[in-house]
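Please read the following report beside the sequence and the coordinates, and look up each residue as it comes up.

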Amino acid sequence: MHYVSVEGLSKAFGIQPLFDGISFHVEEGDKIALVARNGSGKSTLLRILSGQETADTGTVWINKEVTVALFEQEPVFEESSSILDNIFFHNNPFIHAIRQYEAACESEDVTQVQDAIVVMDELGAWDFDAKVKQILGKLNIHHLSQPVGKLSGGQRKRIALAKTLIDIGFEHKHVLLIMDEPTNHLDVSMVEWLEHYLNAERITLLLVTHDRYFLDTVCNEVWELDRSNLYSYKGNYENYLEKKAAREESESASVDKARNTYRKELEWMRKQPRARTTKSKSRQDNFYEIEKKAKQQLEDTSLQLQMKMNRLGGKILELKKVYKSYGDLEILKGFDYTFKKGERVGIVGKNGVGKSTFINIIQDKEAADSGKVNVGETIVFGNYSQTGLQWKDDVRVIEFVKNIAESFPLATGGSMSAAQFLQLFLFEPDKQYTYISKLSGGEKRRLHLLSILFRNPNFLILDEPTNDLDLPTLGVLENFLAEFPGCLVIVSHDRYFMDRLVDHLLVFEGDAVIRDFPGNYSQYRISLNDKDNSPTTKTVAAPIATPIQKTVEVRKRWSFKEKREFEILEKEIKELTKEKEEINSKLGGDSLPYDELQKLSTRILTISGMLDQKEMRWLELSEMQH
């Protein structure tokens, strides 16, 4: 089914076009990733498709049977309303019934729960409720009566994601889901669940993401928005990189040819008298087209930079028997660790286990309860945090960087100017004279990162550096860090980024247990699924008794609603299994007409998907009981 057709679409802010005369089509079942550098118009294009913005020129046709759902980077809520009210706000009988049921369960009012169950039974809404529970549970959304206005940025992002996924579950079957950086603020288990969910739901998808593993798992086509043009590549991210390199090589040859022609035409133009014939006027018009092509800049985002880093002495950073806790919450318990020259360590763990506290302690931004943190005299920290770019007065980008330093020292001798360093990180000369306040959110993140690196640190700490950065910038950053000779500490949920840059991991497991895992992020994730723990994995702690992890309290019996859900699931699984067997028996016959064969084949695919979902929930409930 044809979902979307776009012809000759253009949009500009001021004289600079974001995209110019682009055309594309979206078919049912497409899963497309849109990539471009920050400020190129990705979010604007998504908002035009969702009807929240209008283009300057061009046409956008959307099939009248298709519903467009947009998940944005900055979600909008009714701040004073509860999580429950914000998620279930549609005037739909199923949504209203589930909202009343969830509210009754939250209040634990037996009468309200029983009344809500009657309504759920009448509507047959339990399938939808099971899906809602899965989404809320996997995204760690609880306490639905809390007002949204009091939540953190990460919690708000997860609630917005849950709201979007629940909304499209209640829409009719033709939905185009548009997502702008859906994996920001999600931990790895949530990202992996979202990958599975988007694949299992057979959704038609257009998304912007910097997570390359997520892109590869979910998408089968990549669109690139580059210099106002749109390029399409079938296949995964690796295929996109190969095809893009071939395109740029071809364009480079074309530009070189245009430059040769331009020189000849420029000489002709200078010799011409002011009064030109019709023939020469035609040649003059053609000259300006050649000039535009000849002056085209083809940026190379690869980075080879030998930096002259501040010298590292023999002593780097040492932690001896460090303790830190907040009340009953233990973060560090007799922690010992010595950083070595050139060490590249990733820090992983769930939210709230002390990763941020740890990096604050090693920088002396937060005091330990006891123990010693010895920092070498030559250490210069560079800390890229999630707080974002800070500036006092609204100045131009180039002025902001020059206030840090005029130049960046190189190992080969000489230096790189602030303007050259900016261009290296994809700030073109015209963008360098833009005021900071006029930059997009992603461009501010890029400038923040650049300003940290430009200070020439020798101990670099990056806290979620990939959030809101575009893929071209990530390529530049990874190349820079690959050549970085100092110590590197990375806190990130980006599996691709960590795999490429770290040598080992400090895994914060909670209750002051920290493991040193000798491998990258993917190897660690594989090890979690391995029943036999690797003998090379060790616990990093003081030479005292191993901290005993608190036993998670296991609920001995279900709640009323969980018992009811389990009973319904057993009945539904039995009925679906029986129907599946009957269809398989029919499909084994020889006399089925084509139409009936096609209908049964479609139905058995639907049943298989429903069984997978219901059996997964049945297992979750079984584990809770036993």
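Ile62 belongs to strand 4, in what is a predicted model. With a relative accessible area of 28%, Ile62 is partly exposed, because that class covers residues between the 20% limit for buried and the 50% limit for exposed. Apart from residues up to four places away in sequence, Ile62 touches Tyr3, Val4, Leu49 and Val68. One of these, Val4, is 58 residues from Ile62 in sequence, yet the two C-alpha atoms are 4.6 Å apart in space.

Strand 1, which covers residues 2–13, is joined to strand 2 by eight bridges, and the two run antiparallel. As an example to look up in the model, Ser5 has His25 of strand 2 as its bridge partner.

Strand 10 (residues 317–326) is linked to strand 13 by five bridges in an antiparallel arrangement, and Leu319 has Val373 of strand 13 as its bridge partner. Strand 10 is also joined to strand 11, by seven bridges and again antiparallel, with Ser325 bridged to Glu330 of strand 11. These two strands form a hairpin with two residues between them, where Gly327 takes a positive phi near 65°.

How much of strand 12 is buried? Five of the six residues in this strand (residues 344–349) are buried, which leaves the strand mostly covered.

Strand 12 pairs in the parallel sense with strand 18 (residues 487–491) over four bridges, and in this pairing Val345 has Val489 as its bridge partner. Strand 12 also runs parallel to strand 19 (residues 504–510), to which it is joined by five bridges. In that pairing, Gly349 stands opposite Phe508 of strand 19.

## Glu443 in helix 15

Is Glu443 buried or exposed? This residue, which is found in helix 15 (residues 441–454), has a relative accessibility of 4% and therefore counts as buried, since the limit for that class is under 20%.

Leaving aside neighbours within four places in sequence, Glu443 is in contact with Asn38, Gly39, Phe427 and Lys431. Gly39 lies 404 residues from Glu443 along the chain, while the C-alpha atoms of the two are separated by 6.6 Å.

## The second largest pocket

The second largest pocket has a volume of about 1300 Å³. Its lining is formed by 32 residues, of which Lys131, Ala200, Glu201, Arg202 and Gln613 lie nearest the centre of the pocket. Sorted by class, the lining has eleven nonpolar, eleven polar and ten charged residues.

Which helix gives the most to this lining? Helix 20 does, with nine residues. At least two residues of the lining are supplied by each of helix 5 (126–138), helix 6 (153–170), helix 7 (188–200) and helix 20 (594–625).

## The protein as a whole

The protein has 20 helices and 21 strands, and buried residues make up 47% of its 626 residues. Of the contacts with a separation of 6 or more, 70% are between residues 24 or more positions apart.

Methods
Residues are numbered from 1 along each chain as its sequence is written. This is a predicted model: local features need pLDDT of at least 70, side-chain atom pairs count only at pLDDT 80 or more; totals for chains, interfaces and linings use all residues. Side-chain values use heavy atoms; hydrogens and water are left out. On a 1 Å grid over the protein atoms alone, a cavity is a set of points where a 1.4 Å probe fits but cannot get out, and a pocket is an open set with protein on both sides within 12 Å along at least five of seven lines; lining residues have an atom within 4 Å of a point. Grid points are joined across faces, edges and corners, and a volume is the space filled by probe spheres set on the points. Ala, Val, Leu, Ile, Met, Phe, Trp, Tyr, Cys and Pro count as nonpolar, Asp, Glu, Lys and Arg as charged, and the others, Gly among them, as polar. Two strands pair if DSSP finds at least two bridges between them. Buried means under 20% relative accessible area, exposed over 50%, partly exposed in between (1.4 Å probe, protein chains only). Contact means heavy atoms within 4.5 Å.
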